[in-house]
Amino acid sequence: MPTKSLVAKNEMSAPGYKASISRITAMVCGNINGTRRLPLLIIGRFANPRNKKNCLFLPVIYKKQNNSWMDTNIFIEWYDTVFIPEVKKNHIETGKSGNVLLLIDNAPSHPLNMSMERENGKF
């Protein structure tokens, strides 16, 4: 069996071969000048993917979702367990205080700002 084949521009896959449906979603978060970066959030379809099998330490946060998309539960969990603690840690390390601006788009998986205001004023 060949491992590669040629496909014309108007074809999705070569005849007799199925197009790959493996997908992931990656969420990246950091500050404006790049000195503070949070761990990547990777969302995949499988609880234990094969390529992660022999890794003892992977410096990303991996979540399982049937369609590999972000949903509100995953976002809120990331916000509570990663974003808030990292912001608090950064404020302690730098000795700064004040508000933090988190810019997100209007994707349906992102929660309304009302549900994210519970930590305002506590930094």
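Student: Why are Phe 75 and Trp 78 separated by about one helical turn?

Tutor: Because they sit 3 residues apart in helix H1; helices here are DSSP runs of H or I with at least four residues, strands are E runs of at least two, and both are numbered from the N terminus. By the way, this is a predicted model, where local features need pLDDT of at least 70, side-chain atom pairs count only at pLDDT 80 or more, and totals for chains, interfaces and linings use all residues. Residues are numbered from 1 along each chain as its sequence is written, and side-chain values use heavy atoms, with hydrogens and water left out.

Student: OK, how many aromatic pairs are in the whole structure?

Tutor: A search finds 3. Rings of Phe, Tyr and Trp (its six-membered ring) pair if their centres lie within 6.5 Å; planes under 30 degrees apart are stacked, over 60 edge-to-face, and the rest tilted. Phe 75 and Trp 78 make a tilted pair, 5.7 Å centre to centre with 45° between the planes. Trp 78 also forms a tilted pair with Phe 83, at 5.7 Å and 35°.

Student: Which residues do the ring pairs link into a cluster?

Tutor: Phe 75, Trp 78, Tyr 79 and Phe 83.

Student: Are Phe 75 and Trp 78 buried or exposed?

Tutor: Both are buried, meaning under 20% relative accessible area, with exposed over 50% and partly exposed in between (1.4 Å probe, protein chains only). Phe 83 is buried as well.

Student: New topic: where is Gln 65?

Tutor: In the loop between strand S3 (60-64) and helix H1 (72-94). Its C-alpha atom is 6.4 Å from that of Ile 43, 22 residues away along the chain.

Student: And which side chain does the Gln 65 side chain make a polar contact with?

Tutor: That of Asp 71, at 3.5 Å. A polar contact is a pair of N or O atoms within 3.5 Å; within protein, one must be able to donate a hydrogen and the other to accept it, and residues adjacent in sequence count only if both atoms are side-chain atoms.

Student: What about Ser 68, where is that?

Tutor: Ser 68 is also in the loop between S3 and H1. Most residues other than glycine have a negative phi, but Ser 68 has a positive phi of about 65° although it is not a glycine.

Student: Why does Ser 68 count as buried?

Tutor: Because its relative accessibility is 1%.
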